[in-house]
Amino acid sequence: MPMNSQQNGSAFARRILFIVLLVAALALATVYGREGQEGPIHSVQNAVIGVTGQVAAVSAGLGGATAAAGNVVDNTLADEQTLTALREQNEELRRRLAEADEYRQEAERLQELLNMKKTSYVAGLTAHIVGRSANAWDQSITIDLGSADGVESGMTVMGAYGVIGQVVGVREHQSTVRLLTDPNSGAAVMVQSSRANGIVRGSVNGLLYLEDLDEDQIPEVGDVVVTSGLGGSYQSGLIVGTIVSVDKTATNSTGSIVVSPNDSASMLEEVIVVFYAPDEGAKERAEAEAEEVKKAEEEARKAEEEKALREQIYGSNDDPYSSYTDYGYGTDYGYGTNNGYGTDYGYAQAY
Amino acid sequence: MITSERIFIVAGAVLSVLLQVLVAPHIALFGGMAFPNVIVVFTMLVAVTRPAQFNPILPFVLGLVFDLISGGPVGAMAFSLTVFSVVTALFVSRMSNDTSFVEIISLAIGLLLVELTYGVFLMLFGYPVDFLGALAYRVVPCFLYDFFLGAVLYPLVSRFLKTSNAQLMGFGQLR
């Protein structure tokens, strides 16, 4: 009997606890839904996401160390006789090859990003992806740049080939980027050929849909979609993707238009946070600047050739007149100083 | 009292959180539609393998941790997991049928209900998706992945928790 009453008491206490916990969970959810982004529960959540992002970043860095530790364990367990110099050398070469391959791949990825920056004329910082969402319902990534690097909420994030999302949460050294494929995402875009404005939205099935177009501006398959900058949510003029399907039989007035994104975050390790995107005349200005640089380089090359010619005419030393000018009387290196007349600068020798 | 069973549960809980953060995002399938929920799987495994001793604090805490690390509405998973892990434990306990079949079926139903309730919660919070879309593209794929993981881990968890519990209580069977 005492045992029974103890069990009954325990079961009763557990039921009370169960109800209290359910009420607490519902209360938390209600407060979370009603408070703003700056509310206390959101703040705690952001702090926790920051910590988990750092853990994820550290663990990503530990990948190489784990592999190295694995090699050490392998070597320790191996028969001593089998560890010949050749095998060690082979292992070393393999390790170096793997490292080189890793560096090569990273260099290629960074080169692609650099090319994108050059061709799109965007200014931004390259960030590493250090974490991904721990939840199927949330399509987001964590990058290793934060407010300390100048990142602000709302900035556009690009891969090597196009827009992938937007910064939605910023901490000191990390930021959360909501991907375009997230159902909560929406980017103001326009069809490049017709300049028709619309909105690209993510969806639960992972596709991007182009919506809110005028009925008389239905695009064709193959049309390119770029950000329009309307509403200020995304920088303008950045490529989003290509239209791959236009289903005019769908229920809404403009049908169902599917956009294939130019870039996918699932394959990326680095991204660019766009600080500045060009206006309409930026490309022309950049080309004019490049032309000026080219001219200056050409002039410099001609000057070098003239100098070389003068050297051939007057001998191996510098042109005496220029020597006089550069190192002569009245200058810093002039007559009567350590570097002056009759010294290394060869005024006397030239004459 | 600190028992090996409690140590196992605490260690398993910590490990499941780490796996959720570090590993789960990298083993998601179909572009992230089928996403393993290690925290839910572990909690439900504990619920079905030791139903009589199942304490609602475990699902509440783990659900809350999930809410905090996943960026979803705080309280949603805590509520879903607490309700259905306790109900599942109660069901298995009432069945008084210590067979793996009952436990695995209960595990499957519990996992599906947790994923479904969490999805409904998100929709209530304004997640822009219709019910069928959520069911087809999130709830069912995630449930299938969870159930696969649960079925794989069930022998391990079941063996450890039932053995340690039997030793602790001094008789051959848990119930």
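Predicted model: local features only at pLDDT ≥ 70, side-chain atom pairs only at ≥ 80, totals over all residues.
Local features need pLDDT of at least 70 and side-chain atom pairs count only at pLDDT 80 or more, whereas totals for chains, interfaces and linings use all residues. Residues are numbered from 1 along each chain as its sequence is written, and chains are lettered from A and ligands numbered from 1 in the order in which they are written.

**View 1. The side of chain B that touches chain A.** Here 36 residues of chain B are in contact (C-beta atoms, placed from the backbone, within 7 Å) with 35 residues of chain A. Two or more residues each are given to this side by α1 (4-22), α3 (57-70), α4 (76-95) and α6 (131-169) of chain B, helices being DSSP runs of H or I with at least four residues, numbered from the N terminus. The largest share, six residues, comes from α4(B).

View 2. The 19 residues of α1(B) reach 26 Å from first C-alpha to last, close to the 27 Å expected at 1.5 Å a residue, a span taken as 1.5 Å times one less than the number of residues. Buried residues (20 or more other C-beta atoms within 10 Å of their own; exposed means 12 or fewer) are B:Ile9, B:Gly12, B:Ser16, B:Val17, B:Gln20 and B:Val21. Seen down the helix axis, the buried residues of α1(B) fall within an arc of 165 degrees (directions from axis to C-beta atoms), so they line one face. On the other side of α1(B), B:Ile7, B:Ala11, B:Val14 and B:Leu15 are exposed.

**View 3. A:Val191 in strand β6 of chain A****.** A:Val191 lies in β6 (residues 186-191), strands being DSSP runs of E with at least two residues, and counts as buried with 23 C-beta neighbours inside 10 Å. Leaving aside neighbours within four places in sequence, A:Val191 is in contact with A:Ala196, A:Pro219, A:Asp223 and A:Val225.

Methods
Contact = placed C-beta atoms within 7 Å.
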